[in-house]
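Let's take a walk through this model together, one chain at a time and then across the place where the chains meet. Keep the viewer open as you read.

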Amino acid sequence: MSARLAVAVVAALCLVALAGCGERPQTAGVNKQGKYQGKPDTLPWDDAPLAYGSAKWTQGDKASWEDAIKTRTLNQNEYVHIGQ
Amino acid sequence: MARMKFLCDAERCIACNGCTTACKNENEVPWGVNRRRVVTVNDGVPGAEKSISVACMHCSDAPCMAVCPVDCFYHTENGVVLHDKDLCIGCGYCFYACPFGAPQFPQAGAFGLRGKMDKCTFCAGGPEPDRSEAEFEKYGRNRLAEGKLPLCAEMCSTKALLAGDGDVIADIYRQRVTVRGKGSEVWGWSTAYGPPPAKPAAGSKS
């Protein structure tokens, strides 16, 4: 009788332990751990250049925006200014 | 693809805090928050004193992003690390993870209550419509969307602080180091006072 009881207790404990393996993620909505959960951001080259700004690029064209930024970046090199 | 980075030249920085002031003004940063600050080491030691302007370094593998429990950080296509203030819970984990002390928390209440995290955005705004009032109020000005670079670097008087594509600013810095050489001429003693006097010959009376 006591052996049966011991087997039953062990089996019950195994079931309890196994229940832990079936745990579901307790996150709300479509949350994915490690992935950005916020609002999507817009891209700077998708904006039109300012009417009064010096930087000009074609709206939606990433390469032309990068060229404009590179020109601006190179302006930080005063050795270029001295040469002009 | 451009990967936006800051580079501060410690030989040029004169600790004027112009970058700090420009950032506060351009982004209307709240009281008690400094997105950028100047750190000086060996203060007052001639030749050994160095200053450097520090803000978010927009890490390629950002620790703040790794520890955020609500995953409010993201990388833009240009490599700028930004975050969504609507998600931030102000827990402060990012502050402990960041090696530069970039994340800042406004004191929102009388009992040490922390507000939502605020940090340098590389003047790239945040996840609100570009150049909108909502974006400006939450994150500051979006100068990248205006075809400009961060104001801290653009107005730096000695051009110690450079901002832009990492490869481009590395080229500028490399050229600078090659031209100026090394040793005392970098510090400027010889430039200011002329070459050191010749030592008297050995054995002569002084």
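Chain B has 8 helices and 6 strands, where helices (H or I, at least four residues) and strands (E, at least two) are DSSP runs numbered from the N terminus. Read from the N terminus, its elements follow the order β-α-β-β-α-β-β-α-α-α-β-α-α-α. Of the 206 residues in chain B, 48% are buried; buried means under 20% relative accessible area, exposed over 50%, and partly exposed in between (1.4 Å probe, protein chains only). Chain A has 3 helices and 0 strands, and 20% of its 84 residues count as buried.

A word on the ground rules: this is a predicted model, in which local features need pLDDT of at least 70 and side-chain atom pairs count only at pLDDT 80 or more, while totals for chains, interfaces and linings use all residues. Residues are numbered from 1 along each chain as its sequence is written, chains are lettered from A and ligands numbered from 1 in the order in which they are written, and side-chain values use heavy atoms, with hydrogens and water left out.

Now find helix 1 of chain B, residues 18-27, where 7 of the 10 residues are buried. Among them are B:Cys19, B:Ala22 and B:Glu26. The buried residues of this helix pack against strand 2 (37-41), strand 3 (50-54), helix 4 (133-139), helix 5 (151-154) and strand 6 of chain B. Just past the helix, B:Glu28 takes a positive phi of about 50°.

What does B:Glu26 pair with? Its partner in a salt bridge is B:Arg143, with the closest N and O atoms 3.0 Å apart; a salt bridge here is a side-chain nitrogen of Lys or Arg within 4 Å of a carboxyl oxygen of Asp or Glu. B:Arg143 sits in the loop between helix 4 and helix 5 of chain B and B:Glu26 in helix 1 of chain B, so the pair ties together parts 117 residues apart in sequence. Both B:Arg143 and B:Glu26 are buried. They also belong to a network of salt bridges that links A:Arg72, B:Glu26, B:Arg141, B:Arg143 and B:Glu154.

Another salt bridge joins B:Asp9 and B:Arg176, whose closest N and O atoms are 3.1 Å apart. This pair links distant parts of the chain, with B:Asp9 in the loop between strand 1 (4-8) and helix 1 of chain B and B:Arg176 in helix 6 (residues 166-180) of chain B, 167 residues apart. B:Asp9 is buried at a relative accessible area of 0%, and B:Arg176 is buried at 1%.

Let's move to the interface. Here 31 residues of chain A are in contact (heavy atoms within 4.5 Å) with 43 residues of chain B. A:Tyr36, A:Gln76 and A:Tyr79 supply 23% of the area that chain A buries against chain B, more than any other three residues; buried area is the accessible area (1.4 Å probe) that two parts lose on being put together, summed over both. The rule finds 6 salt bridges across this interface. One of the pairs that meet in a salt bridge is B:Arg12 with A:Glu78 (2.3 Å, N to O).

Finally, look at B:Asp165 in strand 6 (residues 161-165) of chain B. B:Asp165 is buried yet has no salt bridge, and the nearest side chain of opposite charge, A:Lys70, is 6.6 Å away. The backbone nitrogen of B:Arg3, however, lies 3.1 Å from a polar atom of the B:Asp165 side chain.

Methods
Lys and Arg count as positive and Asp and Glu as negative; His and the chain ends are not counted. A polar contact is a pair of N or O atoms within 3.5 Å; within protein, one must be able to donate a hydrogen and the other to accept it, and residues adjacent in sequence count only if both atoms are side-chain atoms.
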